[in-house]
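Here is a briefing on one protein model. It covers the cavities, the disulfides and the overall build.

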Amino acid sequence: MKLSRQFTVFGSAIFCVVIFSLYLMLDRGHLDHPKDHRREGSFPQGQLSILQEKIDHLERLLAENNEIISNIRDSVINLSESVKDGQRTPEIINFGQGNFSELSPRAPVYLSVDPEDCQFASISGNHASDVQMPAVYDILPFDNPDGGVWKQGFDITYDEHEWDNEPLQVFILPHSHNDPGWLKTFDDYFRDQTQHILNNMVIKLQEDKGRKFMWSEISYFSKWWDGIDSQKKDAVKRLIEDGQFEIVTGGWVMPDEASPHYFALIDQMIEGHQWLEKALGVKPKSGWAIDPFGHSPTMAYLLKRAGFSNMLIQRVHYSVKKYFATQKTLEFFWRQNWDSGSSTDILCHMMPFYSYDVPHTCGPDPKICCQFDFKRLPGGRVNCPWRVPPEAIHSGNIQYRAWMILDQYRKKSKLFRTKVLLVPLGDDFRYTESSEWDQQYQNYQKLFDYMNSHPDLHIKAQFGTLSDYFEALHKAGSLDEKKGNSVFPVLSGDFFTYADRDHHYWSGYFTSRPFYKRLDRILESHLRAAEILYTLALVQFKKNERMKAFPSVEHYKLLTEARRNLGLFQHHDAITGTSKDWVVVDYGTRLFHSLMNLKKIITDSAHVLILKDQEMYSYNPSTSFFTMDDVQTSQDSLPHKTAIELNMQPRYLMIYNPTEQERFSVVSVYVKTPKVKVMSPSGKPVAIQLSAVWDGSASISRDTYQISFLAHVPPLGFGVYQLLEGLNTETIFADYNLYHTDKSKIEKPYRIFNIKEIQNALDEIMLENSYMKVWFSGSSGLLEKINTKEDNKNYRIKVEFVWYGTTSNRDKSGAYLFLPDGEAKPYVFSDPPAIRVTHGKIFSEVTTFFHHLTHTVRLYKVRGLEGQSLEVSNIVDIRGEYNHEIAMRISSDIETHNRFYSDLNGYQIQPRQTMSKLPLQANVYPMTTMAYVQDARIRLTLHSAQSLGVASLKSGQLEVIMDRRLMQDDNRGLGQGVQDNKITANLFRLLLEKRNGIDSKEEKSSVSYPSLLSHITSSFMNHPLMPMITYADAAIPPILNTYSPLTSSMPCDLHMVNLRTIQSKADPGPSDEAALILHRKGFDCRFANTDLGLFCSTTQGKLKVHKLFKLHVESLTPTSLSLMHSPPDAKNISEISVSSMEINTYRIQLR
């Protein structure tokens, strides 16, 4: 009781101090004059504007006051909690020299996690799915016996009377698979094929009401739509209304499911669905994914959240297909492995055979099915490889032909649990010519008429769309009646890694063209930043007359184009690295072009938000108010930093934090002078590390220097730092040790930096900060062990590089396939590599220069999140290699029992088992953002800023394939190898965490979660701070010191996926609504790290949005993921609640 009374008194005292200081500040407010002489007299102010200024000032101070009070309240609560929990009061840390208290979190920050938030990870995943994919892998022998006509299957038999009581209902689904880029660019395919398919569709479907057709890629459909007349548009709308033409999935593309991040998967889905709503008023309800190379449960989840109830997949390992066919589990409810209920269930149909083409879809015998692909009639350009051509149907052959195909339909239907059968009729870029429409539709119609008019055949056959099929399936499986147990089993897990035949595993594409996999993620972080800043700037723009010059409509068009270019790149031949060289250049050029435009949107929006007085706003299209500090000169080059010119007048360095967490992060910029002062937003000098800018291992730039300092930036906001020339007592110079450097290359003298050359270092190299000591080999410069200071334990963690070759067999690795020639060979170097060790106050690092890569491990010497993991970066260049793949291997003494964990799309973790019964290439899996190995004591996580292939081939190991150069095609249609390698940058973080309270049962669980520290480490790496600098020669109007649209950090486990301005219903510009997309991450609490340096707590997924935003929230309504559906009872809400792992979308109006 005494304690709480003390806290009340303490709180009240602080409250009084705040009120008094508010009064003093106000009193002082109108005496304050700008310090900068350039600003004085720049604007003769009338009495009104002074009054307006005071009112604004008052409003700001009140907001700050509210913030302070709520912070005090939280602190008091946390303090009393910690006293209750018997925690020691955080003691203040003294950082010795330099003004470090300003920079570093002032004390260890103990995360306050709601105990109930910890329960999710321990209870989820214990439900009983009928089929768990890891269990299926356990029992499959993965042999490949000859199955007869269905090579990878078995003989199917049936009794002719099976359908006497319930006839077989067959839906033939005509479709055309249009890749938005593969062997030709998007535009070339559109010109040569796609536009003709769609033009013919309008004519041919109108000839007969019974004809059906479906389409999935909106990137193509929208381009076609924009070029057709209103008469054609009306015809299309009629065909859709009549159910003859169906849009399936309706995303911008049919995305790959291994490499994309869930941000981009959602974004391309919204782009497609928003376009459909505006142009056609259509809402797709079934998913169609016939060509992605393996399938992810993340996609199933996103479809379900978008309001879909059915989906179809095709490319799944042939052994899995065969097993599912024997069990009749090819149709199942796909449930997320973290879902302890059934809310994520979506009905999924898996196609049973080798391919989605006609020979592999009518039934088990491709030789017969091919005879029913009427595009292959004699005299055409395509024929049947089985050497028996189709025959046109006529009265003389119809009886026999109908019986032939009916036999295939019956056999295929034996693999399913109902008497409803789906038979696709199509292939890549089919139905281009009018004649093909006639050949297929007329011949099939004859077969249907014959079969349907013979009751003794017990069949009803017709053309259908995907939804026609699923509606019939729901009826047959009586799914719409609320019965407990369903006809269909429940499945959890994923479908990687895909093999289509023999040992041909498609794990090569997880890494192919890694330069663009990295560029993709850079574009994503810029797109997200631009979306959020644009949405906030738009609110200001609408408030103030002066802002009318802000190019809101032009920028919205650029934003839309960037969404579409990013969306296009998620296509399953784009981000996968599996298209022709010139098509890759086309994608790269689009990404690069949008990256430039997004930088402009970011800097222009920042300009709107950072001004103290919005009357001072003026827009100059030729010179931006801010410029970003890095430049990329072409689509296939690495970005480089631009050096900032300084003089005695301060330049403003505005640092944007795109994450929803308050952040202490190290920022490095290049300057043209070693005499630099940096002032914090509150005007205090900041400690900086001055480092040399190196070119290669031995030469130093004479006119450019790198400064690094710890920036403190509010959530989704800016901190404005001032840079000026001048002597600085806060500057600490980096020292350098160079090992094994070629004497002839070293340039003398160095003047500024202390550089030691060490010819043959046999000793270990050691770096340390307050969390760890890290040792590197003196001969190779590579990591060898880590000591955690908290418990003074040493862990062997060893980095090495290895090469894979390709087999000597006829089939070799290519863009898709990984077919290695056995285990990897060590990366050998004859002379010891040059090593550069940097010792500094803000960071230290070890850089090793190998022939094919430059490898850097950096340790940040700061408290909090950034100091707790190692930053690992590799610049890889294998352009001179022949059939080689290079991998980074991390070995440890963690006892993993062949288990490891990799993420799926940055959304969820999938436990993996490395199996000796499978070839090496089958044990490689996709990694989008992280992979880890663990035992009962520790977890070692490799965080990745780009998607790559990952494996754990021996206990305690993780290895990631970083680039591959292959001289031949792998016979999957691409017709070329992968020889367009670039100098590629890969970025990782290595995080070691101590686990506690783990039982052995759990190690076999179907689900696993990162810790909060791990989640936020990943988020900070994928969304780095963005520095922007003001122009040197322009007079700068007064700007705010800091800006944040939020009153505080969001809860630690809530991530703002996007705040995306919604298009206007009428014109191509923006509306006044935005989509607020939130993801609540599932996390594991059982880690020993207490002082995480995080400035957030968890709140059981509850968020008062009206209190979170400083702006007025006019309205907030829940909607489906891609904005297609609003719940029937959707009303304006103020508090939202998000369950663990869920992604929710809201329509929000800010004012």
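**Largest cavity and its lining**

Two elements, β36 (908–913) and α19 (1012–1022), each give at least two residues to the lining of the largest cavity. Helices (H or I, at least four residues) and strands (E, at least two) are DSSP runs, numbered from the N terminus. The model is predicted: local features need pLDDT of at least 70, side-chain atom pairs count only at pLDDT 80 or more, and totals for chains, interfaces and linings use all residues. Residues are numbered from 1 along each chain as its sequence is written, and side-chain values use heavy atoms, with hydrogens and water left out.

**Cavities**

- A cavity is a set of points, on a 1 Å grid over the protein atoms alone, where a 1.4 Å probe fits but cannot get out; lining residues have an atom within 4 Å of a point.
- Grid points are joined across faces, edges and corners, and a volume is the space filled by probe spheres set on the points.
- The count is 13 cavities of 30 Å³ or more.
- The largest cavity holds about 240 Å³ of space.
- Its lining has 24 residues. Nearest the centre of the largest cavity lie G906, Y907, T929, H1015 and K1081.
- Helix α19 supplies the largest share of this lining, four residues.
- By class, the lining splits into nine nonpolar, 13 polar and two charged residues. Nonpolar covers Ala, Val, Leu, Ile, Met, Phe, Trp, Tyr, Cys and Pro; charged covers Asp, Glu, Lys and Arg; the others, Gly among them, are polar.

**Disulfides: overview**

- A disulfide is a pair of cysteine sulfur atoms within 2.5 Å. The model has four disulfides.
- With the bonded cysteines numbered in sequence order, the pairing reads 1-7, 2-3, 4-5, 6-8.
- Burial follows relative accessible area: buried is under 20%, exposed is over 50%, and partly exposed lies in between (1.4 Å probe, protein chains only).

**Disulfide C118–C1085**

- C118 is joined to C1085, with an S to S distance of 1.9 Å.
- This pair links distant parts of the chain, 967 residues apart. C118 sits in helix α4 (residues 115–123), and C1085 in the loop between β46 (1070–1080) and β47 (1102–1104).
- The link of C118 and C1085 is left-handed, at -85 degrees about the S-S bond.
- C118 counts as partly exposed because its relative accessibility is 23%. C1085 is also partly exposed, at 27%.

- C362 bonds to C369 at an S to S distance of 2.0 Å.
- The torsion about the S-S bond of C362 and C369 is about -85 degrees, so this disulfide is left-handed.
- C362 is buried at 2% relative accessible area, and C369 is buried at 0% relative accessibility.
- C370 bonds to C384, S to S 2.0 Å.
- Both C370 and C384 lie in the loop between α12 (366–369) and α13 (398–413), 14 residues apart.
- The C370 and C384 torsion about the S-S bond is about -100 degrees, so this disulfide is left-handed.
- C370 is buried at 0% relative accessible area, and C384 is buried at 8%.

**Overall build**

- The protein chain has 20 helices and 50 strands.
- Of its 1151 residues, 62% count as buried.
- Contact means heavy atoms within 4.5 Å. Among contacts between residues at least 6 apart in sequence, 76% join residues at least 24 apart.
- The accessible surface is about 43,500 Å², and 52% of this belongs to carbon and sulfur atoms. Areas come from the Shrake-Rupley method with a 1.4 Å probe; for residues, only the protein chains shown count as cover.

Note on methods
On a 1 Å grid over the protein atoms alone, a cavity is a set of points where a 1.4 Å probe fits but cannot get out, and a pocket is an open set with protein on both sides within 12 Å along at least five of seven lines; lining residues have an atom within 4 Å of a point.
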